[in-house]
Amino acid sequence: MFKFQKPNIGKISVLVAILSWLALLFVDITRIFGELNQIESGVAPEVSYILEISFFITVFLFYNYSIARNERNEFLNLIWRGASTGILAFGISILIRGFYLTLGDSRLSEDPLLRNFFYHINFALTTLFLISCTLLWKRLILYQKTKKVVQQWQAFEILLLISMFFIFFNKNTLDYSFLFGLVFLVIFSISLSINLKWIPYLTFKEKWKSILFLFIIIVSSSYLFIQLLSYSDAKQIPVNLTDNLFLIGLFAFVFIYSLFSFLVTLFNLPTSSVFEQKLVEAINFQRLSQSIKPGQSESQVLDILMDSCMSASYADAGWLELRDESAKTQLIQERFTDKKSILKITEILDKSKPFEHFDWNSTENELKVFHGKITHPVFKSAFMAPLVVNQKTIGRLFLLKEVRDGFNKEMINIISTFVGQACISVENYRLLNEAIKTERYKEELKIAQRVQRSLLPEKLYHNDAFEIAAFSAAADEVGGDYYETWDFGNNEFALIIGDVSGKGTSAAFNMSQMKGVFHSLVQTHPKPKEFLIMANNALSQCLEKNHFITTSYFIVHTEKKTITYSRAGHCPTLYYNSLEKKSSFLSIEGMGLGILRNQLFEKYIEEKSFDFNSEDILVLYTDGIVEAKNSQGFEFGYERLKNTLTKNALKNPEEIQQNIIQEVFKFVGKNRIADDDYSLMVIKFK
Amino acid sequence: MLKIEFTKVNDHFILSLSGEIDASNSVDLDAAIQEILEQGAKKILVDGTQLEYISSAGLGVFMSYLEEFQEKEIQIIIFGLLEKVHQVFIILGLDKLISIKNTQEEALEAMA
């Protein structure tokens, strides 16, 4: 299988162009030989024409390819390419002329072969120059192209192609058809030459350079054109290659476009700074509107703001005044001035119109600007814009100029836009920071929640004599409710429920202390009253003075079927008596832990004991249950709790617990959030 | 919502509480008591007739001053509590440490 390599248009066209040119040279030399030796060479001029056209087309293809391929097609580069080709063609032509001058009247200077050879070289270089320029102009014309311009250009290329073949028809005579064709091409060139949109994009310096390059091109093309005219009259040339509509047309096009560009660039010089300024403003705006990236700070935005405003207004001095929460002002980004003079100027400004109307606390400072004259030895006009972030005025931007009425409408508009954009960027930055911070707090709370959840028991100790179920929910991420069980062995169990005063994080810390106290004391197998007294002693040492813990402590003996209990300020325990089929609250005196932090505490603690029967139910809970409020402000209360238990007394503890919680939820209503922690432990004896 | 007012009447202060005391506003109650103490009060009557709810945090405020009251021999009497609020004091056992009366007259009488 053959694999065709993709033909390299550049190389092929160069090769064909060189071959065409060599063939052209050879044919013409043959013709001269024939003429000199008076032998009919038999080569028709059409052969030369065909070779010439082939040369034109291949050079055209080569340049088209090479310019399209070149990535670095800045305008200045393009023009330089044209200019350098021009210099080459111009230079070599001058050298040839110089060579003939040195020859003087020698025989060699009359040698038609040599003359013909040089003619071909000049022809080739002129063609190269013109075609390269034409294609470079194509790039410039088609910058910011529209469909119309593209079509116009394509028509021009077709016209050029036709003009190459014109020679067959016209036979190198200057007749009306030639003139008509030329005029047509010139008009087309002029209409194309108004496409000069690339010029404003040059900087001031680039404009100067391009003026120089264009001048070189104009000079080169003029010289080459004059040289070409001189050939028309020359007798020694057998076939005139240069009196060609294509070449003359190209001359016209290259010259006209260069001239137009030259003049327009020249006249654009004075306004180029305005265009550059607008471009800088657009870029600045874009920089300001990009939200601050991580790792950047507000001051970078303010830096860009200051630079942008200074350059947009040609201000002679400027600074930013920032105010923090405590209304302390701070000066930053001072430009062409120092803190001392700023303080003096601010003092003057705050007393003069219209600046005195500014109010830091006004809510309508956004997009407001103040400008006017000031009485100052150096500065004559001043501009001030408040920086408003999140409806709060965080600072002021000041600009000063040494001329009167230095701030025109356009400047003020652009500066307000800059200020607005910078404020949005700062606001976004602050919001983002806050969001990150809150996110971190949430993360911390999640950890606290996890730790606290692990403080509540996973396992509830019990034996065959009773079943047990428990539930706990916190109003905040963490809560202050506590319950636990303990197996002493020998059918004896401890049950505890507790509620730490307050809620949230502080309650959660105290709850973990309570757990520690429980686990230490339970090891000594204390009686309920002893337990509470020791717990009070221990907690008195570590609770803050306005914190207390309420708790109920039970010891259940499943063999003796007795319950011994004490209460420390905790809401009374609910008990279902299966024989009477009645629920009631166990009444017992008792004071909360940490309320009385001395020996007197003992006096207020009781201990009671009773026997239980199977099917009896013990419900330990925290006040979040009875104090749960509905939308009308009514509490769930003790009665409802009691009735709910009686109603569900035949169910197992798990179901009783679920029913009570459901009842509370139903009472409170779906849309209300619990505002206290609530816990529940249900024990049912078998 | 909690509204706190206090006035000096003869030799005693009357601290009126209306609304609900919870964790969020218990600091206000603390500040009010602090101020009364700074004014050198020796007898404080707490008017609880308008008090609808008191949370553990609110109770904690009263509790935290018990020792100071005792040391400085300051008398404090709460009167006119709603039944359910009174119940909260009783359950916690605070009624054993702070005198609670039904009416202002009883309170004044008890103050002697």
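Two strands pair if DSSP finds at least two bridges between them. The model examined in these exercises is predicted.

**Exercise 1. The strands around β1(A)**

Determine which residue of β5(A) is the bridge partner of Ala317(A), and with which strands β1(A) pairs.

Solution. Begin with β5(A), residues 392-401, which pairs with β1(A), residues 317-323, in the antiparallel sense over six bridges. Within this pairing, Leu400(A) is the bridge partner of Ala317(A). Next, consider β2(A), residues 329-335: five bridges join this strand to β1(A), again with an antiparallel course. Here Arg323(A) stands opposite Thr329(A). Finally, examine the connection: β1(A) and β2(A) form a hairpin with five residues between them, and Ala327(A) in the turn has a positive phi of about 60 degrees.

**Exercise 2. An open sheet and the helix across it**

State in which order the strands of the five-stranded open sheet of chain A are arranged, and identify its edge strands.

Solution. The order is β6-β15-β14-β11-β12 in chain A, with antiparallel pairing. The edges are β6(A), residues 466-473, and β12(A), residues 582-585, each of which pairs on one side only. From one strand to the next, the twist averages 15 degrees. Helix α17(A), residues 653-668, lies across β6(A), β14(A) and β15(A), and runs at about 150 degrees to β15(A).

**Exercise 3. The faces of helix α6(A)**

Explain why the buried residues of α6(A) are said to line one face of the helix.

Solution. First, check the length. Helix α6(A) comprises 17 residues, 176-192, and at 1.5 Å a residue should span 24 Å; its end C-alpha atoms are 24 Å apart, which agrees. Second, list the buried positions: Phe178(A), Gly181(A), Leu185(A), Phe188(A), Ser189(A) and Leu192(A). Third, look down the axis of α6(A): the buried residues fall within an arc of 105 degrees, so they line one face.

**Exercise 4. The setting of His371(A)**

Decide whether His371(A) is buried or exposed, and name the residues that it touches.

Solution. His371(A) is found in strand β3(A), residues 370-373. A residue is buried if 20 or more other C-beta atoms lie within 10 Å of its own. His371(A) has 21 C-beta neighbours inside 10 Å and therefore counts as buried. Leaving aside residues up to four places away in sequence, His371(A) touches Ala382(A), Phe383(A), Phe407(A) and Ile412(A). The C-alpha atoms of His371(A) and Ala385(A) are 8.6 Å apart, with a sequence separation of 14 residues.

**Exercise 5. The contact between the chains**

State how many residues each chain gives to the contact, and which helix supplies the largest share of the side of chain B.

Solution. Chain A gives 17 residues and chain B gives 14. On the side of chain B, α2(B), residues 56-71, and α3(B), residues 83-92, each supply at least two residues. The largest share, seven residues, comes from α2(B). By type, the side of chain B that touches chain A divides into nine nonpolar residues, four polar and one charged.

Key
Residues numbered from 1 in each chain as written. Chains lettered and ligands numbered in written order. Predicted model: local features only at pLDDT ≥ 70, side-chain atom pairs only at ≥ 80, totals over all residues. Contact = placed C-beta atoms within 7 Å. Helix = DSSP H or I, 4+ residues; strand = E, 2+ residues; numbered from the N terminus. Nonpolar A, V, L, I, M, F, W, Y, C, P; charged D, E, K, R; others polar. Axes fitted to C-alpha atoms, helices over the stretch in contact; angles between N-to-C directions. Buried ≥ 20, exposed ≤ 12 C-beta atoms within 10 Å, placed from the backbone. Expected span 1.5 Å × (residues − 1). Arc of directions from axis to C-beta.
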